[in-house]
Amino acid sequence: MNTTALLLSRIQFAFTITFHIIFPSFTIGLAAWLTVLEALRLLTGRPVYRVIFDFWLRIFGVAFGLGVVSGIVMAFQFGTNWSALSQMSGPVQGPLLMYETFTAFMLEATFFGVLIFGRSRVPPWLYLFSTAMVALGTTFSAFWIMVNNSWMQVPSGYVMENGVFVPDDWTKIIFNSVVWSRFPHMLLASYLTGAFCVAATGAWYVLRKEYHAESRIMLRMGLGLAAVLIPVQLFFGHLCGGYVNTYQPSKMAAIEGRWNDEKPAGEVLFAWPDVENRRNLYAITLPPPFGSLIDSDSFTAGETGLNSIPPENWPPVVIPFFSFRIMVGCGMAMLGLAWLGTYLSFKQRLERNRLLLWLTFLSFPLPFIAILTGWFTAEVGRQPWVVYGVLRTADAMTPFLTTRAATISLVIFCAVYAFIFLFGTFYIYRLIRTGPVGQLFETPRLAVPNPRISLSNTEQIFPEHTHAGAGE
Amino acid sequence: MVTFWILLLAMSILLYVLLDGVDLGVGILFGFTNGEVGRGAMLSAIAPIWDGNETWLVVTAVILWGAFPVVYAALLSAFYLPLIVMLLGLILRGVAFEFRYKTQRMRWIWDLSFAGGSLIATFIQGVTVGALVEGLQVTNGQYSGGDFGWLTPFAALCGIGLCLGYALLGACWLVKKCDAVVRDVAHRQIPILAVGVLAFLVLVFIYALAEHLPILRRWIDRPYLFVFPAIGAVAAIVLALSILRHNDRWPFYTVAVIFISAFGTLALSFWPYIIPFVITIDEAAAPRSSLMFMFWGGVVVFPLMLTYTLLSYGVFRGKVGTRAGNY
């Protein structure tokens, strides 16, 4: 066993999947929002919806492209770096990812092409249908990924035969409480990401006094959706905590910073876990039975502490402990913003409240941070297992992987990803800064002067701010 | 059930080679093209379909993982570095479609990443096939060839051969989809590339004879295999005729037939092995419960995927830029 190659492989997987998830989590929400916009336009006939649609479609195009290219890597990395895992769990994980590809990717890819290039080639209903199919495809993809990952968190429905996971009950693998609390949690997180990016963009334009009609629609729809969804999200988050408590005591103990078994248990709000001496420094703790109440919905339940788990089965305690708190903190901040913003919006005072507009504008990283830290909690908290309780990460690696190969691949991954990420985010920033330049009134299509291949050369078609009046 | 999945796997690989082969080939030729008009037209010819085409690579990977996990684990780990370089090539190729239209000043970067990414990805795909034909070094059921064991002169030759092959496929697609200068240039490139591919095939044959590659023995044992090269030869003759007659549609279909016959030749000379002379298809198959679960995906969703593919080719049929709205 080559421990350096193992460490490098883990860093590489963490890095590539962290990079990847940023884009799908954004595009899943955005695809659903685009479908709503296109449907609204067909129903109401208001051109402003078309302007907003075209604007966000341009951004969607860039983010979707980055998601696609970084996603293909994931389909290969199980085999390149984790061949022992992929051979053992292939009979379970392979079919799940096959269904993901079959049901989601081709659907997305085909109708994405229609979305970007086919506006003039298909009737309006087929265009709306294409938008809905892209949204459906992204949702299917999220579903199968959550089934797959949930099986790694809580393996079920299999028997071991000759060192291979042989599935014997697919209903247990797909229809279990773990999947059905984690899948909605992820889906809602994506919708919230979309909602906050849209609201933040709207807030920016309101602050800049630009795109009057568009900015208000973005701001209100974004904050309003978030105001409704965040409470639901908190509920599903609580359900996810429930599965961790039931099936993954070591992860739960790390998240809670709980060293000793307690019955009923207290709740550590903030602390610095001192792993060496098995204690928390600077702890702020709620007394019992708050811990039992939060973890087990009970006043009296006993909760497991790390001391009753062998240290070789501990996750790196500090990471899940803090990442969980950062996730919850982001969630609470978003809840406050969304509720306050929606309340002010009902009172017709939102546009005058510059502080809240600034906060909304600056809030766009929050959903991304929440998603990443949530995944860090789930994945790092699962360690040292790759399939919880059955297969250790150290035993899952390609046995003959050398440090040299792992170093080369990690370095080039970092270089290429940094390169495309910098340009990608810069181009998205520039698209947003330029704004929804377009006309509020549709012109005949033949009037478009030059062929457009990518969405983005609308920048050239409508040079700087030929915005045709904000008030419709 | 195993036969069903090996057929689906073969179909996915073939579709990937034919469809993304076009994109990668256009990418390679893109590097030899100057001027925004030509480059723009070349991109338009593949922009709406490349993403779907590339998806067949993922389809291949996941069928391999689900139906033949042993092979997925063995091949992907053995080809560690080349696969990762290929993926990065595909990434650079993929982002270029959107990114190059975001900038004027920096466009050369994305043009370079488009052509370079296509070239790298193609070369490595060829190298991989070449290394498989030559045989991987395996000890006690585990790959033992080292980090660069796949890099042999023969594999490199196959890499160059596939670059020529994809470029030929791409040129034929451009003739089919484009007008004016782009079509005429591609028309002139086809005979050169076709001769290049032919020379490559002759070289491979000589090399195989000289090195007594194990695959050659199978050809002597199974003379009926020659039906595929025969089909390929007929297609090559039709290709030559269609070039002489300046036909826009036939070159693409004949080159596709040549690719199919080459693929058939290779697949049948591997049979019944899935990694030549190491693991057979039956040994590699996943447990029955996995294959049965996947079956519905294979009979219901796979045809749906083919339908989407046909749909998008239908929506974007015809020559680029001849209709209003453009793409």
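B:Gln189 lies in helix α8 of chain B, which spans residues 180-211. The model is predicted, and the values reported here are computed from it. B:Gln189 has 20 C-beta neighbours inside 10 Å and therefore counts as buried, the cut-off for this class being 20 or more. When residues up to four places away in sequence are not counted, B:Gln189 touches B:Leu29 and B:Ala171. B:Ile215 is 26 residues from B:Gln189 in sequence, and the C-alpha atoms of the two residues are 32 Å apart in space.

Chain B as a whole contains 13 helices and 4 strands. Its radius of gyration is 20 Å, close to the 20 Å given by the globule rule for 327 residues, so chain B is as compact as a globular protein of that length. Taken along the principal axes, the box filled by the C-alpha atoms of chain B is roughly 60 × 40 × 35 Å. Buried residues make up 51% of the 327 residues of chain B. Among contacts in chain B with a separation of 6 or more, 78% are between residues 24 or more positions apart.

The largest nonpolar core comprises 249 residues, and the residues with the most contacts inside this core are A:Ala226 and B:Leu168. The element that gives the most to the core is helix α2 of chain A (residues 47-81), with 21 residues. With neighbours within four places in sequence left aside, B:Leu168 is in contact with B:Gly25, B:Ile190, B:Leu193, B:Ala194, B:Val197 and B:Val255. Helix α8 of chain B, where B:Gln189 is found, covers residues 180-211; the contacts of B:Leu168 include B:Ile190, B:Leu193, B:Ala194 and B:Val197.

The contact between the two chains takes 65 residues from chain A and 63 residues from chain B. On the side of chain B that touches chain A, at least two residues each are supplied by α2 (36-46), α3 (50-67), α4 (69-78), α5 (80-99), β2 (142-143) and α13 (288-315) of chain B. Helix α5(B) gives the most to this side, with 14 residues. By class, the side of chain B that touches chain A has 43 nonpolar residues, 16 polar residues and 4 charged residues.

Conventions:
Residues are numbered from 1 along each chain as its sequence is written. Chains are lettered from A and ligands numbered from 1 in the order in which they are written. This is a predicted model: local features need pLDDT of at least 70, side-chain atom pairs count only at pLDDT 80 or more; totals for chains, interfaces and linings use all residues. Two residues are in contact if their C-beta atoms, placed from the backbone, lie within 7 Å. Ala, Val, Leu, Ile, Met, Phe, Trp, Tyr, Cys and Pro count as nonpolar, Asp, Glu, Lys and Arg as charged, and the others, Gly among them, as polar. A nonpolar core is a set of buried Ala, Val, Leu, Ile, Met, Phe, Trp, Tyr and Cys residues joined through C-beta atoms within 7 Å. A residue is buried if 20 or more other C-beta atoms lie within 10 Å of its own, exposed if 12 or fewer, and partly exposed in between; C-beta atoms are placed from the backbone. The radius of gyration is taken over C-alpha atoms; the globule rule is 2.2 Å times the number of residues to the power 0.38.
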